[in-house]
Amino acid sequence: MTALLEARQLTVGIGGREVCRRLDLCLAPGERLAILGRNGAGKSTLLSTLAGLRPAQDGEVLLAGRTYASWGARAAAQQRGWMAQSQADPFSSTVLETAMTGRHPHLGRWDWESQADADLARAALAEVGLAGMEQRETPSLSGGERQRLSLATLLTQAPQLYLLDEPLAHLDLSHQIAVLEILARRAREGAAGLAMVLHEPGLAARYCDQALLLYGDGSWEAGPVAEVLTAPRLSQLYGHPLKVVADGAERWFIPA
Amino acid sequence: MPSRRRAVAVLLLLALLAGGSLVTALMAGSISVSLPDALAALAGDTTLAQGEVVRSLRLPRALAAFACGGLLAVAGALMQVLLRNPLADPYVLGISGGAGVGALGAILLGLPVLGVNLLAFSGALGAILLVFGLAHGDGSWTQTRLLLTGVIVAAGCGALVALMLSLAPESKLQNMLYWLMGDLSQAADPWPSLLALGLALALAAPFAREMNLLARGLAAAQALGVAVFGLRRLIYAIAALATATAVTTAGAVGFIGLIVPHLMRLAVGNDQRLLLPAAALAGGTLLTLADTLARTVVSPLQLPVGVLTALIGVPVFLFLLSRHPR
């Protein structure tokens, strides 16, 4: 089976600094990868490179076995979704219109959104708990609602590969779990691949099967969560001593 | 998000209003012409005494006003998308400033209308290329850099315009001021601007849905499969050439390019597939009516039409702002 996403000897830099050096990574359908690191370690930069949105310094990124350039922007967007950290929208629009933008790569140049597209968007909005808010104007949404609208847009796009930059930002605890459950279901039932930037190692251990640690100086470690997410490694990663608390099969990391 | 059917209905309604404004422009003036006579003269009836006035004076001017209003409104809507800034208008990037320098220079030199138009268009092109070149310099071409470059070029052009005004002899001042405020009395040939309007809409139409995404954000649009760098260049080119054509024909008519896109956004939503043609029709209608007023309210004197668009535009815009606090 071809990997959904593959990085080969990938070197990514920003502002004259290396984010990761010669990174090798492979994400198969159904696999979930957590990317962890300190603020400013370059997690978002790496994620947008993996999404084909910025050039790598060296090495290559393959989407389903081919480079982004050989797919072309539209064909790539049919398979790969990318959720950015929230940004301000200068023009007001409704929640439903925003979610519908996810259909763009699936529509031809002269197509208008069909009823089926609207139904997909409504279903996605219901899935993230925004049912009944379709006609709300986006500036009136709270930070958490906006975050869930971004996710609904991504679900409406329905890609195979999900690249998510801090999908849990602004969310309360119950919505954090709800969002992770939605994503896990897409991976399980839709054979989707997930790569997401997370700040909570416990949730990463619970919802992902691989983890990538970015140390901020170009060095990195990747592997199964059970091996990579350990108290000594995470203490070094965050520069703060952490200890592990186990509850059955689950492990949580708390500041010492 | 409008359906295709609703979009067609809205555009038909606006087209009717546009037709109404054009017929009004043919009827009103120092010699008033009745509706049947105006239509008969249009149809080619040469027996009427006022037929010549309608056909060779009022019709070209009304069509030029319509085309320029449409061009400015489309250019404004495109600039707002390009800069992701609701306060952008066609002049924010210095295009009218460049045209102004050219036009005033030509008037100062005593060139005929054709020369004024030629230099105005060259000035606009110069400003377009200067802003593009400078903002493009490091390849990043960010909205902020583009906006700042444009504003600075516009300020420089403003200084040159002020310099020329202060050096100009009394006899040429009125001509120069009318150009700066926007004036259609010199607009003899409407076809270049009508053609430009059709071209601008035809070029923008295939990319209208991609523009919707671009207005929401560069990276998000790129992730959804929009070739953002090419698209931004295209938008800049369409908006700049539309603005250059409009100011060459009518001078720096204000406010159409700012308020018409906003009015239409409030009325029909922010889907560029509907917004761009709707803004073209509404902008054309508004400028045609404003120009008709400009040559009739204090007849036989003619006011510069830009004064009227501003007098109508300012209160309408303030009203809209107070109704829709952001």
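Which helix of chain B does B:Gln80 lie in? Select B:Gln80: the residue lies in helix α3 (residues 51-82) of chain B; helices (H or I, at least four residues) and strands (E, at least two) are DSSP runs, numbered from the N terminus.

The model is predicted: local features need pLDDT of at least 70, side-chain atom pairs count only at pLDDT 80 or more, and totals for chains, interfaces and linings use all residues. Residues are numbered from 1 along each chain as its sequence is written, while chains are lettered from A and ligands numbered from 1 in the order in which they are written.

Stay on B:Gln80. Because 27 other C-beta atoms lie within 10 Å, B:Gln80 is buried (20 or more other C-beta atoms within 10 Å of its own; exposed is 12 or fewer, partly exposed in between; C-beta atoms are placed from the backbone). Show its contacts (C-beta atoms, placed from the backbone, within 7 Å): leaving aside neighbours within four places in sequence, they are B:Asn85, B:Pro86, B:Ala88 and B:Pro261.

Next, the boundary between the chains. Here 22 residues of chain A are in contact with 22 residues of chain B. On the chain A side, α3 (73-79) and α4 (95-100) are the elements that give two or more residues, and α3(A) gives the most, with four.

Move to the sheet of chain A. Six strands form an open, mixed sheet in the order β6-β7-β8-β3-β9-β10, where two strands pair if DSSP finds at least two bridges between them. At the edges are β6 (80-83) and β10, each pairing on one side only.

Now select strand β9 (residues 210-214) of chain A. Five of its five residues are buried, so β9(A) is largely enclosed by the rest of the structure. A:Gln210, A:Leu212 and A:Leu214 point one way, and A:Ala211 and A:Leu213 the other.

On one pairing, strand β3 (residues 32-37) of chain A runs parallel to β9(A) over five bridges, with A:Leu36 opposite A:Leu213. On another, strand β10 (residues 220-224) of chain A is antiparallel to β9(A), again joined by five bridges; there A:Gln210 has A:Pro224 as its bridge partner. β9(A) and β10(A) form a hairpin with five residues between them, and A:Gly216 in the turn has a positive phi of about 95 degrees.

Key:
Two residues are in contact if their C-beta atoms, placed from the backbone, lie within 7 Å.
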